[in-house]
Amino acid sequence: MAIQLSDHFTYRKLLRFTFPSVIMLIFTSVYVVVDGFFVSNFVGKTPFTAVNFIMPFLMILGSLGFMFGTGGGALIAVTMGQGKMERANRLFSLIVYTSIVCGAVVAVLGLVLLRPIAAALGAQGQLLEDSIVYGRILLLAVPAYILQYEFQCLFATAEKPAVGLYVTVAAGAANMILDALFVAVFHWGLEGAALATVSQCVGGVIPLFYFAFPNKSSLRLGKTEFDGGALKKACMNGSSELMSNISMSVVNMLYNVQLLKYAGEDGIAAYGVLMYVSLVFQALFIGYSVGSAPITGYHYGAHNTGELKGLLRKAFVVMSVCSVVMFAVSYLLAEPLSAVFVSYDQGLLQLTIRAFSFFSFSFLFSGFAIYGSSFFTALNNGLVSAAISFLRTLVFQVAAILLLPLIWKVDGIWISTAVAELMAVVVTLLFLKVNQKKYQY
């Protein structure tokens with residue numbers, strides 16, 4: 001039986017509904033990890049470092065998709081909860097069309113700014129050239145990436161999260177197969193890895209056809225009209241997710257600068273391994289948050305305060321269990337996880353294992369702030385959501401990465417994320433307490 005947003009959600013039904021979103025984001029993260037695996041093991045350490053060096057800049061551009069997806073999805077879900085389906089479809093179409101235009105604009109800007117930004121961050125010689133080669137190819141697909149991230153959220157709003165999962169699996173499978181073919185078999189090097197990554201753009205194109213024609217979801221692309229107020233509200237709602245992704249990318253750039261200073265290129269390579277594992281683990285938190293947001297938005301719009309309370313309580317139980325499991329896995333399996341990427345260099349392997357021993361503590365805390373920000377986005381409170389994301393992903397991270405290395409050198413860099421995530425949990429709990437009476441959750 002199909003699950004609808006208007007249903008009462010038990011743990012079982014909640015996990016069933018959010019499962020496709022979780023798997024979708026995990027799978028998206030896995031094929032990024034596969035890119036890293038093939039580049040590191042078949043192309044070399046410097047190209048692997050280049051991919052991790054330039055990726056934060058590329059992620060900043062793609063993060064517009066999360067803003068339109070989460071912010072627009074929240075606005076659409078509330079509108080659906082109010083019973084205004086015709087307006088919900090007009091908003092859906094407006095948001096998708098706007099994101100396509102924005103994608104084309106940022107792709108052009110990215111191509112112009114790629115080299116000066118890479119050089120300003122400290123890339124030189126072969127590291128700089130490899131970064132440019134990889135970045136230019138990926139920038140051509142930025143509009144499709146934006147759509148892909150956007151539809152990962154909007155499929156859940158359309159009450160068809162499973163369809164989104166199928167699209168993502170297809171795109172990811174194409175990427176992984178072509179990675180093996182282009183890099184390991186044809187030996188096309190970094191260009192081959194970039195071309196394989198671009199193949200995932202089908203994950204942004206296929207949904208356009210799905211929603212453009214009659215389908216069994218709650219939403220469909222069609223005629224719309226410009227609504228500046230709605231776009232502004234959607235952007236404000238999603239500003240926390242945009243800020244979160246931009247901030248994480250900026251912080252990753254800062255990590256790279258600090259690691260070049262304290263540990264050289266090996267430090268960036270080790271950090272890249274941490275980020276690959278973190279991508280997969282954090283995808284569970286983000287997937288659950290994105291998948292449950294339309295439910296929260298719907299019941300907020302329908303004034304079902306009892307359901308809101310239950311959703312928040314269940315979310316904290318789920319986050320607590322997942323946090324402990326992730327910490328245990330990352331801490332206990334640090335060596336095999338590191339060896340997957342850098343077993344060919346003993347010094348780099350030992351550096352990465354030591355980094356894991358500190359970094360793994362961050363998984364105990366990160367899920368709560370991620371969900372808290374998404375929860376307020378679903379309530380259409382973009383200001384609080386953005387504040388949590390801004391503090392979590394930028395302010396606390398920057399403070400930690402600049403101050404802790406002064407005390408503990410490179411170990412201070414590895415522990416920075418855990419310290420920042422802990423502070424973010426405290427802030428999230430404060431915001432939830434302050435706003436409890438207003439939203440009655």
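Val 250 is partly exposed, with a relative accessible area of 35%; this class lies between buried, under 20% relative accessible area, and exposed, over 50%, for a 1.4 Å probe and protein chains only. The model is predicted, so that local features need pLDDT of at least 70 and side-chain atom pairs count only at pLDDT 80 or more, while totals for chains, interfaces and linings use all residues. Residues are numbered from 1 along each chain as its sequence is written, and side-chain values use heavy atoms, with hydrogens and water left out.

Val 250 is placed in helix H11 (residues 239–262); helices are DSSP runs (H or I, at least four residues), numbered from the N terminus. Apart from neighbours within four places in sequence, Val 250 is in contact with Ile 60 and Leu 394, where contact means heavy atoms within 4.5 Å. The C-alpha atoms of Val 250 and Thr 393 are separated by 9.1 Å, although these residues are 143 residues apart along the chain.

The largest nonpolar core has 126 residues, of which Ile 76, Phe 92, Tyr 134 and Tyr 441 touch the most other members. Such a core is a set of buried Ala, Val, Leu, Ile, Met, Phe, Trp, Tyr and Cys residues joined through side-chain atoms within 4.5 Å. Helix H12 (residues 264–301) contributes the largest share of this core, 15 residues. Beyond neighbours within four places in sequence, the contacts of Tyr 441 include Leu 308, Phe 375, Phe 431 and Gln 436.

Technical notes
Helix = DSSP H or I, 4+ residues; strand = E, 2+ residues; numbered from the N terminus.
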